[in-house]
Amino acid sequence: MSQRLSFKEMCARFDVTPRTLRYYEYIELLHPEREGRTRYYGPREIARMTLILRGRKFGYPLEEIRQWLLIYEKEGTVAQMRAWITMADRQLKELAEQRAQLDEAMQELRRLRDETAHDLEARDE
């Protein structure tokens, strides 16, 4: 029998809040099976959740993740892999730019901190 997780188990496994899981369903990232009012997440939804969270970790917006997941459904694995490479290249460039901005901000903060510490020491003398 294939693995199925309840709503609560899905939240625990992926360390997400119930609100997050409901939201992912609302924006059609996930489509759990329903038996009455109970939701069950099978292997497909578990795999999708893994990809969603990985995408979030890399900084992708949810809409871009949703579009990427749709490529698999409409065009298959090869098209999805090609799209992933394009997305990854674009995101790597964006992250490099963010890193450069962060490094610059840290340098400026260190410089100002050191100037302030120096000024403070001069007043104490």
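The protein averages a pLDDT of 94, and 98% of the residues score at least 70; pLDDT is the predictor's confidence in each residue, from 0 to 100. This is a predicted model, in which local features need pLDDT of at least 70 and side-chain atom pairs count only at pLDDT 80 or more, while totals for chains, interfaces and linings use all residues. Residues are numbered from 1 along each chain as its sequence is written, and side-chain values use heavy atoms, with hydrogens and water left out.

**Confidence by element**

- Helices (H or I, at least four residues) and strands (E, at least two) are DSSP runs, numbered from the N terminus.

**Helix α2**

- In helix α2 (residues 18-26), L21, Y24 and E25 are buried; buried means under 20% relative accessible area, exposed over 50%, and partly exposed in between (1.4 Å probe, protein chains only).
- These residues lie on the same side of α2 because they cover an arc of only 100 degrees around the axis, the arc being that of the directions from the helix axis to the C-beta atoms.
- R19 and Y26 are exposed on the other side of α2.
- The buried residues of α2 pack against α1, β2 (33-35), β3 (38-41), α3 (43-57) and α4, where contact means heavy atoms within 4.5 Å.
- After α2 comes E28, which has a positive phi, near 65 degrees.

**Salt bridges**

- The whole structure holds 12 salt bridges, each defined as a side-chain nitrogen of Lys or Arg within 4 Å of a carboxyl oxygen of Asp or Glu.
- One of them joins the side chains of E33 and R4 (2.9 Å, N to O). This pair links distant parts of the chain, with E33 in strand β2 and R4 in the segment before β1 (5-6), 29 residues apart.
- E33 is partly exposed at 39% relative accessible area, and R4 is partly exposed at 28%.
- E73 forms a salt bridge with R44, with the closest N and O atoms 2.6 Å apart. This pair also links distant parts of the chain, E73 being in helix α4 and R44 in helix α3, 29 residues apart.
- R111 and E115 form a salt bridge whose closest N and O atoms are 2.3 Å apart. They are separated by about one helical turn because they stand 4 residues apart in helix α5 (residues 77-124).
- Salt bridges that share partners join R44, E45, R48 and E73 into one network.
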